[in-house]
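Dear colleague,

I am handing over the structure below, and after it you will find my notes on what was found. Please read them alongside the coordinates.

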Amino acid sequence: MNTLLGVVAMKPTCRILLCNRCYAATPRFVPSKSGCAAHSLIGRFDVEQRGRQFHACSSRIMHLHPAIGGTGFNIRLLPSRSDFDRPRLYGASGGFDCRGIWSTVVASSAVRIYSTAVETRVNDKNFERIYVQGGVNVSPLQVERFEKDESHIAARETEKDSSVEVKEDNLDLTEAKDRSGSLREVKAVKIKEGDSDIEKEGWKLLEKAVVMYCGSPVGTMAANDPADKQPLNYDQVFIRDFVPSALAFLVKGESEIVKNFLLHTLQLQSWEKTVDCYSPGQGLMPASFKVRTVPLDENKTEEVLDPDFGESAIGRVAPVDSGLWWIILLRAYGKITGDYALQERVDVQTGIKLILNLCLTDGFDMFPSLLVTDGSCMIDRRMGIHGHPLEIQALFYSALRCAREMISVDDGSKNLVRAIGNRLSALSFHIREYYWVDMKKINEIYRYKTEEYLLDATNKFNIYPEQIPPWLMEWMPENGGYLIGNLQPAHMDFRFFMLGNLWSVVSSLGTPKQNESILNLIEAKWDDLIGHMPLKICYPALEFEEWRIITGSDPKNTPWSYHNGGSWPTLLWQFTLACIKMGRPDLAQKAVADAEKRLSTDRWPEYYDTRNGKFIGKQSRLFQTWTIAGFLTSKMLVKNPEMASFLFWEEDYELLETCVCALNKTGRKKCSRIMAKSQILV
Ligand code: GLC
């Protein structure tokens with residue numbers, strides 16, 4: 001239960017200080033980790049340790065996430081890269097203090113005067129400007145506080161201590177307000193007495209993996225194996241890993257942890273992040289975060305949130321998928337709980353826009369798909385998936401669809417909303433047309449002419465037929481097909497990537513016919529893609545020279561292990577969702593039943609190895625949370641298929657009609673979409 005405590009008006013200031021124990025809010029120099037000469041000057045309340053800045057939750061410390069009066073836009077003060085002598089002030093939208101008080105700052109502020117005229121100009125498309133210059137029209141800070149139910153916190157603490165019981169009493173019908181203000185019933189799933197022991201064990205483990213921050217649950221750690229003496233970063237809350245946990249909790253009727261997660265990660269979005277003096281784009285969400293306890297004076301300690309934007313991650317991979325998952329989860333939270341107020345908040349709206357601005361910024365790429373580096377998603381190591389990997393495109397497409405539903409349309413956002421629509425339409429055309437392969441398409445590629453010039457080329461990407469891998473000619477079933485892993489000039493990556501294909505079905509990135517064919521293919525190739533343990537992350541594995549060249553001889557990604565053809569039980573929930581959507585729950589039930597036979601006995605491994613997923617992975621973690629959560633979510637969805645409809649999308653016919661390209665109008669050139677032979681194969 002959240003109670004609005006009050007609204008406090010404060011004088012505008014760039015020294016935002018609302019704390020009992022006063023941290024100096026004075027801007028100060030923080031040397032970068034590499035100790036290089038360039039210093040960034042920050043003026044937020046942070047705790048420094050090892051040269052890093054953290055988000056601290058010491059009592060009453062609040063982080064400024066100011067908004068410009070009236071417009072509600074957030075401002076952050078960023079110097080230009082060379083402008084290090086000005087104060088740099090990052091803000092966040094609020095936070096729980098140690099007593100469980102959620103504090104939000106929504107304000108206009110005089111801090112604007114420090115702005116160095118930074119504004120978001122995404123390709124001159126006139127998207128909403130997130131940064132503001134000048135210092136006029138300053139209005140006071142407004143602080144809202146929401147008191148959380150302290151008895152709940154205490155209950156949860158006790159619960160954790162006394163080896164968690166499955167709570168049945170809070171699984172009743174919940175009433176929630178929907179967007180139009182009417183009350184509707186959101187049905188939380190009742191854990192039935194008849195649930196299997198394995199499910200009960202799963203719930204206990206999931207509850208034990210919950211990470212608390214200042215007395216509130218904020219996420220689940222990636223793995224929680226007490227016997228693991230070297231957890232590396234598996235004791236952190238990963239954004240992507242938390243999604244199945246969040247869904248399990250939401251479907252069960254426990255929404256607090258998800259709301260906290262969404263709001264805390266939103267704060268981290270605006271965090272200081274630098275890799276060797278370079279700052280990645282604004283709007284980036286971290287790959288993961290950790291709650292650290294740092295010492296203070298007088299034997300006191302304090303909890304702080306320490307995000308990793310890839311600057312500590314192995315290989316320094318960019319977490320491109322995090323922001324996309326965050327948007328997807330935000331929408332799911334609204335759909336399942338009916339609490340749409342969260343997504344309507346100014347800071348949340350700004351968070352969505354920052355992520356989108358980052359994704360929609362023009363670069364050098366020629367395609368509507370998102371251009372990323374290797375390892376920027378679930379496969380977070382070198383695996384030859386740089387460029388335009390399907391997984392990112394499917395998540396991007398879903399996130400755009402979610403955002404289109406959630407963004408409040410006004411004068412400031414209308415261009416962004418239009419850009420989202422255009423991108424959705426172009427992206428779905430691109431993927432449906434150029435990523436799709438089935439027997440017919442393979443045969444077409446097999447007979448391609450090459451070196452075609454001009455717009456009406458059939459072989460637009462100049463694919464040499466010799467690229468078709470021999471295994472594919474044998475493997476492709478008559479009645480199935482799939483979306484390939486990646487497409488670049490003169491390069492089709494024909495590997496089958498499970499997450500990208502499943503998520504294309506779920507989000508309707510594929511046409512209805514393609515979606516059906518993807519499931520047909522999985523059914524036809526059950527032994528290869530499901531085998532002893534669902535589901536193969538990608539098929540087939542890179543072997544021999546290919547493994548050496550493409551993975552860089554990665555000993556963790558040896559053939560049929562880990563990302564390189566390993567089997568990942570977490571993918572079960574996405575498979576279940578896709579099956580329910582396509583009216584094939586039988587397939588999901590079969591896979592879930594197979595998984596149930598082994599998961600608990602094998603201690604919930606992260607992944608399995610070998611062609612058929614027969615062995616627990618070589619370096620697999622045990623008690624991997626998203627394995628547990630994926631299984632629980634799948635079970636609940638199978639039992640309550642009506643819940644699944646909150647999580648998938650049907651075909652959007654409006655998008656099919658949009659073609660914004662001006663080519664036809666000029667008559668000078670023809671639009672390739674209209675010329676495309678197969679058009680959109682509904
Ligand atoms: C591994 C996986 C990644 C996951 C992380 C935490 O790095 O590749 O997808 O998020 O572990 O479980």
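P540 lies in the loop between strand 19 and helix 15 (544-550), where helices (H or I, at least four residues) and strands (E, at least two) are DSSP runs numbered from the N terminus. Please bear in mind that this is a predicted model, in which local features need pLDDT of at least 70 and side-chain atom pairs count only at pLDDT 80 or more, while totals for chains, interfaces and linings use all residues. Residues are numbered from 1 along each chain as its sequence is written, and side-chain values use heavy atoms, with hydrogens and water left out.

On the backbone, the peptide bond that joins Y539 and P540 is cis, with omega about -10°. A cis peptide bond also runs from P534 to L535, with omega near -10°, and L535 is found in the loop between helix 14 (526-529) and strand 19 (538-539). R316, a residue other than glycine, has a positive phi near 55° and sits in the loop between strand 15 (301-308) and helix 5 (320-337). Y562, likewise not a glycine, has a positive phi of about 50°, and its place is in the loop between helix 15 and helix 16. These entries are listed because most residues other than glycine have a negative phi, and most peptide bonds are trans.

A polar side-chain atom of Y562 lies 3.4 Å from an oxygen atom of the ligand, while for H563 the corresponding distance to a ligand oxygen atom is 2.7 Å, and for an N or O atom in the side chain of D380 it is 2.7 Å; polar contacts here are pairs of N or O atoms within 3.5 Å. Taken alone the ligand exposes 300 Å², of which the protein buries 95%, the accessible areas coming from the Shrake-Rupley method with a 1.4 Å probe.

Turning to helix packing, helix 3 (residues 239-252) and helix 18 (residues 625-639) pack at an angle of about 35° with their axes 8 Å apart, the axes being lines fitted to C-alpha atoms over the stretch in contact and the angles running from 0 to 180 degrees between N-to-C directions. Their contact (heavy atoms within 4.5 Å) includes R240 and D241 of helix 3 and W626 of helix 18, and its residues divide into 7 nonpolar, 4 polar and 3 charged.

For helix 12 (residues 498-507) and helix 16 (residues 572-581), the axes come within 9 Å and cross at roughly 35°. Among the residues that make this contact are L499 and W503 of helix 12 and W573 and F575 of helix 16, and the contact divides into 9 nonpolar, 1 polar and 1 charged.

Best regards

Definitions and conventions. Polar contact = N/O pair within 3.5 Å; in protein donor to acceptor, adjacent residues only side chain to side chain. Nonpolar A, V, L, I, M, F, W, Y, C, P; charged D, E, K, R; others polar.
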